[in-house]
Amino acid sequence: MKSIVIGAHLLRDDIEPVAEAVPVGDLFLSALPVADDQPLGDRELLIRVAGIRARMLDVATFVAIRYGLTIAGPSEGEAKCGSHLWRWRKLLTAHRDRVEMTLKVAAATSRPRPDRREFTGGAEYLRALHAATQATNVDPAFRAAAERLLVPLAVEHRWSHRDERSLELALLVDRDRLDDVRAAGEELRRISPDVPFLFSGPWPLEVFADDDRE
Amino acid sequence: MTEELEELPLLETLDHLLDRGVIIAGEAVISIGDVDLLYLGLNVVLANVDAIIRTSKR
């Protein structure tokens, strides 16, 4: 058996009985045991893990670990995650009652994605791809409205270029303000009917956990 | 919150699962049907190019 690691949590009770709790240092990894020969790319498995993430988020906020990490037990979990534990504890303690929301906005202006066949080297292609992504922008009026309506409700926020077709605003919000945040999202849709966007969440600590490297 | 997952487009849910969160070196077997086509292991991270660029900038 191997276990697919889903997140890092402060307490065992934040995980069980929804998933398996694997102790690592003074934290716990949530994990889903599967057969050794289980392909991780299986669609049903992905959906199952997504469901487990959502159910655990109902209980308490956790640090999301990107899909793909598997461990055979606590010692391997410690070996692979040990260097992160102090930072995760700090994040979990600070943000236990907070969740992420994401606003994904279609680009108003963008540069076409570069064609790999036009580049002789991989590095050159990656630079062009990065430049195309960074050139993406959203409608300034929409961005101003999003910042006016949503950002004041967030503890932290961050705009990021995710690809050459969209920008994303990640918000870290208190759980008890989720209704206000959703209402602000509805207001944004009402005043910006022509801008395609997806306001989704709540999510565990994903963007802010990934970025908070020291 | 669990119910909200069902209302989200599947693509968005999978995007968060596969393209967000802390990256730890891992391994994956890419399969179609019952045939394992590719094994990625050790310090290889399974991610799209955009995600790798974002990560390398930090």
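Trainee: In this predicted model, what makes strand E6 (residues 98-106) of chain A and E9(A) a pair?

Mentor: Two strands pair if at least two bridges are found between them. E6(A) and E9(A) are joined over five bridges, in the antiparallel sense, so they meet the definition of a pair. Within this pairing, Thr102(A) stands opposite Ser200(A) of E9(A).

Trainee: Why is strand E9 (residues 197-203) of chain A described as largely enclosed?

Mentor: A residue is buried if 20 or more other C-beta atoms lie within 10 Å of its own. Six of the seven residues of E9(A) are buried, so the rest of the structure largely encloses this strand. For chain A as a whole, 41% of the 214 residues count as buried.

Trainee: How do you know whether Pro152(A) is buried or exposed?

Mentor: A residue with 12 or fewer such neighbours is exposed. Pro152(A) has 10 C-beta neighbours inside 10 Å and therefore counts as exposed. Pro152(A) belongs to the loop between helix H5 (140-149) and strand E7 (156-161) of chain A.

Trainee: Why are H5(A) and helix H6 (residues 178-191) of chain A called roughly antiparallel?

Mentor: Angles over 145 degrees count as roughly antiparallel. H5(A) and H6(A) pack at about 155 degrees, with their axes 10 Å apart, and they are therefore roughly antiparallel to each other. Their crossing is right-handed.

Trainee: Which residues of H5(A) and H6(A) meet, and to what classes do they belong?

Mentor: From H5(A), Ala145(A), Ala146(A) and Leu149(A) meet Ala184(A), Glu187(A), Leu188(A) and Ile191(A) of H6(A). By class, this contact has six nonpolar residues, no polar ones and one charged residue. Glu counts as charged, whereas Ala, Leu and Ile count as nonpolar.

Trainee: What lies between E2(A) and E3(A) in their hairpin?

Mentor: Two residues separate the strands, and Gly25(A) in the turn has a positive phi of about 55 degrees.

Notes
Residues numbered from 1 in each chain as written. Chains lettered and ligands numbered in written order. Predicted model: local features only at pLDDT ≥ 70, side-chain atom pairs only at ≥ 80, totals over all residues. Helix = DSSP H or I, 4+ residues; strand = E, 2+ residues; numbered from the N terminus. Axes fitted to C-alpha atoms, helices over the stretch in contact; angles between N-to-C directions. Parallel < 35°, antiparallel > 145°, perpendicular 65-115°, else oblique. Left-handed = near helix turned anticlockwise from the far one by under 90°. Contact = placed C-beta atoms within 7 Å.
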